[in-house]
Amino acid sequence: MANTVAGNPIVKVVSVGRGWITVQDSSGEIVTRTGARNWRNNNPGNIKWGKFARQMGAKKGPVAPDGGNFAIFDTRQKGINAMDRLLTSKSYKDLDIDAAISKWTGGHPYKYDLASLKGRK
């Protein structure tokens, strides 16, 4: 399945729940999507909703477990573009990987083995 609804960009979030989201695409089709949150939201970086996400064209998405809301992008490519823009912004571009991950995750990095990345940019 594509990261758009039937190949059309998402234009409206109809409803959300734990593990699912119902959206309407530009043709008017309404579809319920399941799967990983980043896939459902066309948001591979799980970017939070806020000023930056709005500027990148995102819609307000479901509540995040650690507070706030996630952003929902019209297409996966727009989510990738937002992630790229954020990581190359003044806020991130001079951080090493460890500091960037800590900033991105609000100081709560995922439980992956990140030791091999320490000190890299």
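Reply: The sheet is an open one of three strands, in the order β1-β2-β3, and its pairing is antiparallel. Before going further, note that this is a predicted model, in which local features need pLDDT of at least 70 and side-chain atom pairs count only at pLDDT 80 or more, while totals for chains, interfaces and linings use all residues. Residues are numbered from 1 along each chain as its sequence is written, and side-chain values use heavy atoms, with hydrogens and water left out.

A strand here is a DSSP run of E with at least two residues, numbered from the N terminus (helices are runs of H or I with at least four), and two strands pair if DSSP finds at least two bridges between them. The edge strands, β1 and β3 (30–34), each pair on one side only. Neighbouring strands of the sheet are turned by 25 degrees against each other on average, direction ignored, with axes fitted as lines to C-alpha atoms and angles running from 0 to 180 degrees between N-to-C directions.

Strand β2, residues 20–25, pairs with β3 in the antiparallel sense over five bridges, and I21 stands opposite R33 in β3.

The second largest pocket is lined by V16, G17, R18, G19, W20, R37, R40, P62 and V63, and β1 (10–17), α1 (37–40) and β4 (59–63) are the elements that give two or more residues to this lining. A pocket is an open set of points on a 1 Å grid over the protein atoms alone where a 1.4 Å probe fits, with protein on both sides within 12 Å along at least five of seven lines, and lining residues have an atom within 4 Å of a point.
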